[in-house]
Every structure is written in structure tokens, then in C-alpha cells.
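Here are some exercises to work through with the structure open beside you. Try each task on your own before you read the solution.

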Amino acid sequence: MTESDFTPQLTADGSKTFFSEEFNELFHSHFGAKQESYFKYVVPTLLIEKAQLPLLRIFDVCYGLGYNTATAIQKIWQVNPNCYIEVIGLELNPKVPQAAITHNLFDSWNTDLINILTNIAFEHHIQTEQLKATLVIGDAREKINQVYQSGFKADAIFLDPFSPPQCPHLWTIEFIKLVSLCLQQDGLLATYSCAAAVRTAFLNAGLSIGSTPPIGRKTPGTIAGFSLNSSPHLLCLCQQEKEHLQTRAAIPYRDPTLIDSPSIIIKRRESEQQNSNLEPTSHWRKRWQIVY
């Protein structure tokens, strides 16, 4: 990553994020890094409601700057300061969370939380009377088995890679299946993506899915779990979304050995789409008058 990757950019809620030259995307939407973390991840996974429990476990897939973990910790302890929190984060590039600290992106947060995030970023671990957090550095496809074999089962999983076209290797059937194995039976997984290919991968992993309200984007997010209980934060799939899952857009990304390059994964999917008997996605867009 170049130095320009670590130029803070102000978002609508006053929080700052970075722009990735490598993926040609912001780490967060213009709506706001902090608000997106809260409404896209903390709220849908019911961490506020579950905060009265003595222990909560969070699996932050693509830790990035640390906003999702930071917001979760902050909100849980606002409800119950005695809740013990365990966090495992996966991150490819350790310079990203470190840059968030050195560029003072969390300066408006309380000192204790800044110290926690600093330890996570630079030491990759912190353990206190109320928190145990570990940041695992490396390709998430390699490290996911390490998390699974440790027996870690999360109450909440935050799945937050760059978009599927830019980062397809972290949205494949094979990877999402491994992620799902790290979820408690009553846990919830949240992501900002509503891509049909991603939702197909969740279904293939044995998860039920629903939508979360659009926050800072035109499209909704997705909530997934082995059993989705009724929640004020969950929206059932509408007819338009259901039909989307019957189009070629729903053909998932595949990475059988979990080592293929993004270009190979994309070409494999394109080939499968070209040979598919499913409805062309363009027909679905025309029927629903969807314009991108």
C-alpha cells in the first residue's frame, strides 16, 4: 500500500477513513465510518440486546481500521460495563490499523478505548479484566482454520472485506463456509453486501438470510444466522431480492483450494455464468426497472 492509502478522508458523520488505492475503494462509505459500524454491524447482530450477558465473543473478519470492533466494545460497555468481551480480528495488512492510530482517527474516543485499539494495532493482542482481543495477521483464507480449530464460536461476526468484484476471494462459498463454522448456533453474521452471489454462499453454508436497512448506501446489507429470530433490525427478503437469487448474478464465487488469485476466481465465475441456464440478470433488472 502506498502512502496515499493513509490520507484521512472526512465522512458525513465527522469520522475519518482511508481510501485504498489497491482496491480503488474507501474503507467506509461517505455516510460515515462510525455510523456505518454501528448500524451495519453492531445493531443487526443484536449486541446491544445481548450486552447484559456476562460474556460476548466477536469475530471481526477484515479488521481494517478497527471501527467495527471499537464501536462494538463501546456500545456493549455502555450497556453493561461488566460484560467480558473476546475479540478475534483477521487483517491482511497490519499497517492499516496502525495508520488509524498514528493519524489520530480515534482521538475523539475515550482514552481507555484508544489504548485498547493501540495495543491491538501494534501488539496484536490485549488482555484485561474485561477484554481479550487478538489480531491475526495474514491472508484470511489461511488464518480462518486457525480460528476454527481454536474452538472460538462468535456471538457476532462482522464480515467486512472490500467489495466482491474487488476482493472475490473473501466472498467465496468455501471461505464463507469456514466463517460460518465460527458462528454460535444463535449467533448472527452481518455484512454490508447484498450481492446475490454472496447471499447464495450464505445459503450454501446452511445459514438463513435477511436484509438490513440501507445505511449510507442505496442497497441494504445482509444478516445471516443458523436461526434468524424476529428482530426489529431484520427485514425479510422482498420479492425483488428473492428473484435476484434466481438469476446468473447469484452464481457464487468459488475457490476450491483457497489459494486462487482474484482474477482466476472471477474468470471461473464468469465461465459458469456464461454456461448457466439461469435467467440473465439484465432481464431481472429490466423487469424491476433497476438502473445502476
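**Exercise 1. The sheet**

In what order do the eight strands of the open sheet lie? Keep in mind that you are looking at a predicted model.

*Solution.* 
Step 1. Reading across the open sheet, the order is β7-β8-β6-β5-β9-β10-β12-β11, and the pairing is mixed.
Step 2. Now look at the two ends: β7 (125–127) and β11 (208–212) are the edge strands, each pairing on one side only.
Step 3. From one strand to the next, the twist averages 15°.
Step 4. Finally, find what packs on the sheet. Helix α8 (residues 196–204) does, touching β9, β10 (183–191), β11 and β12 (221–225). The direction of α8 makes about 145° with that of β11.

**Exercise 2. The parallel part**

*Solution.* 
Step 1. Begin with β5 (residues 55–61) and β6 (residues 84–91): they run parallel and are joined by seven bridges. Here R57 has E86 in β6 as its bridge partner.
Step 2. Go to β9 (residues 154–159), which is parallel to β5 and joined to it by four bridges.
Step 3. Return to β6, which pairs with β8 in the parallel sense over seven bridges. I88 finds its bridge partner, T134, in β8.
Step 4. Follow the chain from β5 to β6. Together with helix α3 (residues 67–79), these strands make a right-handed β-α-β unit.
Step 5. Check burial: β5 is mostly covered, with five of its seven residues buried.

**Exercise 3. A strand covered on both faces**

Is β12 largely enclosed or open to the outside? Work out which residues lie on each side, and what pairs with the strand.

*Solution.* 
Step 1. Recall the rule that side chains in a regular strand alternate between the two faces of the sheet.
Step 2. Apply this to β12: G221, I223 and G225 are on one side, T222 and A224 are on the other, and all are buried.
Step 3. Because five of the five residues of β12 are buried, the strand is largely enclosed by the rest of the structure.
Step 4. Look at the partners. β10 pairs with β12 in the antiparallel sense over three bridges, and T191 stands opposite T222. β11 is also antiparallel to β12, over five bridges, with S208 opposite G225.

**Exercise 4. R141 and D255**

Which side chain makes a polar contact with the side chain of R141? Describe the surroundings of both residues.

*Solution.* 
Step 1. Locate the residues: R141 is in helix α6 (residues 140–149), while D255 is in the loop between α9 and α10 (262–274).
Step 2. Compare each with the 20% cut-off for burial. R141 counts as buried because its relative accessibility is 9%, and D255 is buried because its relative accessible area is 0%.
Step 3. The side chain of R141 makes its polar contact with the side chain of D255, at 2.8 Å. The D255 side chain also reaches the backbone nitrogen of D260, at 3.1 Å.
Step 4. Widen the view beyond four places in sequence. The contacts of R141 include H169, L170, F175 and L258, and those of D255 include T172, E174, I265 and R268.

**Exercise 5. The cysteines**

How many disulfides does the structure hold?

*Solution.* 
Step 1. Recall that a disulfide is a covalent bond between the sulfur atoms of two cysteines.
Step 2. The count here is zero.
Step 3. C167 has its closest cysteine sulfur in C62, and because the separation is 6.1 Å, the two are too far apart for a bond.
Step 4. C182 is in no disulfide either, and the nearest cysteine sulfur, that of C62, is 14 Å away.

**Exercise 6. Helix α4**

Name the buried residues of α4 and some of the elements that cover them.

*Solution.* 
Step 1. In α4 (residues 95–102), V96, P97, A99, A100 and I101 are buried.
Step 2. Their cover includes β6, α5 (111–123) and β8 (131–137).
Step 3. Just after the helix, N104 takes a positive phi of about 60°.

Key. Residues are numbered from 1 along each chain as its sequence is written. This is a predicted model: local features need pLDDT of at least 70, side-chain atom pairs count only at pLDDT 80 or more; totals for chains, interfaces and linings use all residues. Side-chain values use heavy atoms; hydrogens and water are left out. Buried means under 20% relative accessible area, exposed over 50%, partly exposed in between (1.4 Å probe, protein chains only). Two strands pair if DSSP finds at least two bridges between them. A crossover is right-handed if, with the strands pointing away from the viewer, the path from the first strand over the helix to the second runs clockwise. Contact means heavy atoms within 4.5 Å. A disulfide is a pair of cysteine sulfur atoms within 2.5 Å. A polar contact is a pair of N or O atoms within 3.5 Å; within protein, one must be able to donate a hydrogen and the other to accept it, and residues adjacent in sequence count only if both atoms are side-chain atoms. Axes are lines fitted to C-alpha atoms, for helices over the stretch in contact, and angles run from 0 to 180 degrees between N-to-C directions.
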